[in-house]
Amino acid sequence: MFRKDIVSRISAMALALFALSSQATPLQATQYADFDRYVLALSWQTGFCQSMHDRNRNEPDECRLQKESQTKTDFLTVHGLWPSLPKSIASRGVDNRRWMRFGCATRPVPNMAEANARRKCAAAETGLSLESAAKLSSMMPGAGGNSCLERYEYAKHGVCFGFDPDAYFGTMVRMNQEVKSSALGQFLNDNYGKAVTRNAFDAAVAKSYGKAAVKALKLTCNNNPAYLTEIQISLNAATINAPLTASSFAPQPHPGNCGKTFVIDKVGY
């Protein structure tokens with residue numbers, strides 16, 4: 001038992017060091033920095049693709065070409081990282097609903113070019129380094145190609161804060177790796193293609209980060225019977241550059257729409 005415990009601790013430390021090494025530059029806002037939270041949005045990619053199919057939407061390349069993987073946590077992918085409404089922008093009469101809709105295009109400030117969700121590739125290039133773009137493409141299937149998700153996300157949620165693009169997307173990659181390596185990631189892997197209860201899902205979150213962290217997660221499901229499409233995690237802005245721990249999480253008011261039971265969707269329709 002002692003030997004297994006030592007090996008487990010060493011493995012956890014190695015994973016943490018690897019995650020930190022993937023993002024050398026700390027994430028820091030140089031403008032509108034007076035906000036207190038981020039939302040890390042992670043997609044369950046097979047569920048996202050299923051939802052596109054069910055709603056008769058144009059199937060993006062990353063769904064059309066999707067293949068099975070031996071490691072099921074590969075399907076936990078990056079959607080975005082969204083700063084909450086800064087106080088300096090709220091003071092200009094902007095409410096949270098308008099902020100979440102328009103982000104950096106919000107009027108009267110920041111009043112930057114609006115990112116169009118239907119024409120993501122019309123957004124400006126992010127300026128990501130080739131190394132960071134390669135890391136991101138493995139965890140954000142919609143990055144680059146004909147989908148350009150990273151351009152849209154940076155234009156809407158990143159550019160007005162003056163975020164270094166490598167630090168912004170590197171932070172998402174690091175945290176996604178950490179969640180995959182947690183008890184929650186193991187739960188998703190073990191229950192791939194199966195129906196689970198919200199109580200069991202919450203227990204995996206609590207095992208990973210403590211009971212209080214359960215209140216920080218909002219789950220989105222589609223259809224009936226419901227299947228998981230997205231996990232939104234509310235995080236304290238002050239701890240964004242540290243590894244995920246119990247102190248990283250901030251409660252949010254809505255648990256999402258997944259209900260008591262839902263499916264961890266698998267590849268295929």
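Over which residues does pLDDT stay under 50? I started my notebook with that, and I found residues 1–22, for which the model has 13 contacts beyond four places in sequence. Here pLDDT is the predictor's confidence in each residue, from 0 to 100, and contact means heavy atoms within 4.5 Å. I keep a reminder beside this entry: where pLDDT is low, the predicted coordinates should not be read in detail.

**Ground rules**

I am looking at a predicted model, where local features need pLDDT of at least 70, side-chain atom pairs count only at pLDDT 80 or more, and totals for chains, interfaces and linings use all residues. Residues are numbered from 1 along each chain as its sequence is written, and side-chain values use heavy atoms, with hydrogens and water left out.

**Disulfides**

How many disulfides does the structure hold? I found four, a disulfide being a pair of cysteine sulfur atoms within 2.5 Å. With the bonded cysteines of the protein chain numbered in sequence order, I read the pairing as 1-2, 3-6, 4-5, 7-8. I looked up three of these links, and here are my notes.

Cys49 and Cys63 are joined with their sulfur atoms 2.0 Å apart. The link of Cys49 and Cys63 is left-handed, with -80° about the S-S bond. Cys49 sits in helix H2 (residues 45–54) and Cys63 in helix H3 (residues 61–64), so this pair ties together parts that are 14 residues apart in sequence. Helices (H or I, at least four residues) and strands (E, at least two) are DSSP runs, numbered from the N terminus. Cys49 is buried at a relative accessible area of 1%, and Cys63 is buried at 5%. Buried means under 20% relative accessible area, exposed over 50%, and partly exposed in between (1.4 Å probe, protein chains only).

Next I checked Cys104 and Cys160, whose sulfur atoms are 2.1 Å apart in their disulfide. This link is left-handed too, with -65° about the S-S bond. Cys104 lies in the loop between helix H5 (96–102) and helix H6 (130–137), and Cys160 in the loop between H7 and H8, so the pair ties together parts that are 56 residues apart in sequence. I noted Cys104 as buried, with a relative accessible area of 0%, and Cys160 as buried, with 2%.

Is the disulfide of Cys221 and Cys258 right-handed or left-handed? The torsion about its S-S bond is about 100°, so the disulfide is right-handed. Cys221 lies in strand E4 (residues 217–222) and Cys258 in the loop between strand E5 (227–236) and strand E6 (261–263), so the two tie together parts that are 37 residues apart in sequence.

**Helix pairs**

My last stop was the helices. The axes of H7 (residues 149–157) and H8 (residues 165–180) come within 12 Å and cross at roughly 110°. Axes are lines fitted to C-alpha atoms, for helices over the stretch in contact, and angles run from 0 to 180 degrees between N-to-C directions. H7 and H8 are therefore roughly perpendicular to each other (angles under 35 degrees count as roughly parallel, over 145 as roughly antiparallel, 65 to 115 as roughly perpendicular and the rest as oblique). I listed Glu150, Glu153, Tyr154 and His157 in H7 as meeting Pro165, Tyr168 and Phe169 in H8.
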